[in-house]
Amino acid sequence: MAKSEQPADTGSGPFLERRYRLDIVRPRRTAAELMQQIQCDVAHFSPDLLADFEKTAGAQHGLAAGDEFKIKILGPWNGEVRVTDISPTAFEFITLDGHPEAGRIRFSLLPHPDRADAIRFEIHSWARSRDGLVAFMYDKLGAGKRVQEQTWRIFCERVAEASGGATLSEVQIDTFENGAVVSAHG
């Protein structure tokens, strides 16, 4: 039986919006070619010691709406996600019942806002903790937050490596809590 989706409004604690982004100059692949590579092997871009993606529904290579992944996350944080949206330069997951977060996350390749010879890879999430215990462990103790931040930082760096281009800076991370900036750092 398919698991239910777990949108942010079903969660607990503050609503967090996070953006992880990395600018890549002179990539050897177009945004669509690079995104196709990511969509064909999401697990390759994620550090398996921190977050090991295993496809449990859908074709082995490629992504389609409705595909599902089980993610073994370092610590007591395992969860599942479902693909809800896909395009030539983006895809989005929603968390499923039991995931430590309630919300969605979008992976996209965009034109750089200032440079014609660059692209921007971005991971953008909108989520709350699944429940009060996860909120306490994540927000107060910081355990899950550090694992998540390192996972998406490495994911961004692996995308840059696969692009064949050079990075313009380190991964930039912006966090908003209930719409207000909480932190911005690289």
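How many aromatic pairs does a search of the whole structure find? The search finds twelve, where rings of Phe, Tyr and Trp (its six-membered ring) pair if their centres lie within 6.5 Å. The model is predicted: local features need pLDDT of at least 70, side-chain atom pairs count only at pLDDT 80 or more, and totals for chains, interfaces and linings use all residues. Residues are numbered from 1 along each chain as its sequence is written, and side-chain values use heavy atoms, with hydrogens and water left out.

**View A. Phe91 and Phe107 form a stacked aromatic pair.** The ring centres are 4.6 Å apart, with 10° between the planes; planes under 30 degrees apart count as stacked, over 60 as edge-to-face and the rest as tilted. Phe91 lies in strand β5 and Phe107 in strand β6, 16 residues apart (strands are DSSP runs of E, at least two residues, numbered from the N terminus). Both residues are buried, meaning under 20% relative accessible area with a 1.4 Å probe, protein chains only.

**View B. One aromatic cluster includes Phe91 and Phe107.**

**View C. The charged end of Arg104 sits over the ring of Trp126.** It is 4.1 Å from the ring centre. A charge sits over a ring if NZ of Lys or CZ of Arg is within 6 Å of the ring centre and within 35 degrees of the ring normal.

Notes:
Helices (H or I, at least four residues) and strands (E, at least two) are DSSP runs, numbered from the N terminus. Buried means under 20% relative accessible area, exposed over 50%, partly exposed in between (1.4 Å probe, protein chains only).
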